[in-house]
Amino acid sequence: MLDTNEIRQRVASFRNELSNKERDVRSNDLRIRLKDQMFKWDEQNRFFAVLCFYPLKKEVDLIPLYEEFLLTERRLFFPKIIQDDLHFYRVESLFDFKEGSFGVMEPKDTSPNKELFSLNIPRLT
């Protein structure tokens, strides 16, 4: 059985081998599937909060989907690590980011009234 580091290395290797075109195709496909699924869920239970991530390097890019969500009633929350805690903060514009640790884009406004919740998680790195 693979340990966490081996799994992380394999996933990173696979992701880094993708061409930009393949990444764009996969990103678009995932955006379509997520949007379809979310609208199906909407028919049953109205949801408003969406936990998001800002893509790094060759990760799938869901930013265009987030732009669509910002035009609706949905509230988008992005993570920021503070010490060993993962905090999610509301973002009202895709310009509400600054570069944080390791080049990760993080929410600029981390005031308490913007926070959805925080998690204390063990470090995986």
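Visitor: Is Tyr66 buried or exposed?
Guide: Tyr66 is buried, with a relative accessible area of 3%; please keep in mind that this is a predicted model.

Visitor: How many aromatic pairs does the structure hold?
Guide: There are 3 aromatic pairs in the structure. In one of them, the ring centres of Tyr66 and Phe78 are 5.3 Å apart and the planes stand at 90°, so this pair counts as edge-to-face.

Visitor: And which parts does that pair tie together?
Guide: Tyr66 belongs to helix α3, residues 63–70, while Phe78 belongs to strand β2, residues 75–82, so the contact ties together parts that are 12 residues apart in sequence.

Visitor: What about Phe78, buried or exposed?
Guide: Phe78 is buried, and its relative accessible area is 1%.

Visitor: Which residues do the ring pairs link into a cluster?
Guide: The cluster that the ring pairs make is formed by Tyr54, Tyr66, Phe78 and Phe97.

Visitor: What sits over the ring of Phe69?
Guide: That is the charged end of Arg74, which is placed over the Phe69 ring at 4.8 Å from the ring's centre.

Visitor: Switching to strands, how many bridges join β2 to β3?
Guide: The two strands run antiparallel and are joined by 7 bridges, and within this pairing Ile82 stands opposite Asp85 in β3. The hairpin of β2 and β3 has 2 residues between the strands, and Gln83 there takes a positive phi near 55°.

Visitor: You mentioned a positive phi; what is the phi of Lys57?
Guide: Lys57 has a positive phi of about 40°, although this residue is not a glycine. For background, most residues other than glycine have a negative phi.

Visitor: Where is Lys57, then?
Guide: Lys57 is placed in the loop between β1, residues 49–51, and α3, and with a relative accessibility of 77% Lys57 counts as exposed.

Visitor: Last topic, helix α1: how many residues has it?
Guide: Helix α1 spans residues 4–17 and has 14 residues, and from its first C-alpha to its last α1 reaches 20 Å, which is close to the 20 Å expected at 1.5 Å a residue.

Visitor: What does Asp3 reach at the start of α1?
Guide: A side-chain oxygen of Asp3 comes to within 3.1 Å of the backbone nitrogen of Asn5 at the start of that helix.

Notes. Residues are numbered from 1 along each chain as its sequence is written. This is a predicted model: local features need pLDDT of at least 70, side-chain atom pairs count only at pLDDT 80 or more; totals for chains, interfaces and linings use all residues. Side-chain values use heavy atoms; hydrogens and water are left out. Rings of Phe, Tyr and Trp (its six-membered ring) pair if their centres lie within 6.5 Å; planes under 30 degrees apart count as stacked, over 60 as edge-to-face and the rest as tilted. Helices (H or I, at least four residues) and strands (E, at least two) are DSSP runs, numbered from the N terminus. Buried means under 20% relative accessible area, exposed over 50%, partly exposed in between (1.4 Å probe, protein chains only). A charge sits over a ring if NZ of Lys or CZ of Arg is within 6 Å of the ring centre and within 35 degrees of the ring normal. The expected span of a helix is 1.5 Å times one less than its number of residues. A polar contact is a pair of N or O atoms within 3.5 Å; within protein, one must be able to donate a hydrogen and the other to accept it, and residues adjacent in sequence count only if both atoms are side-chain atoms. Two strands pair if DSSP finds at least two bridges between them.
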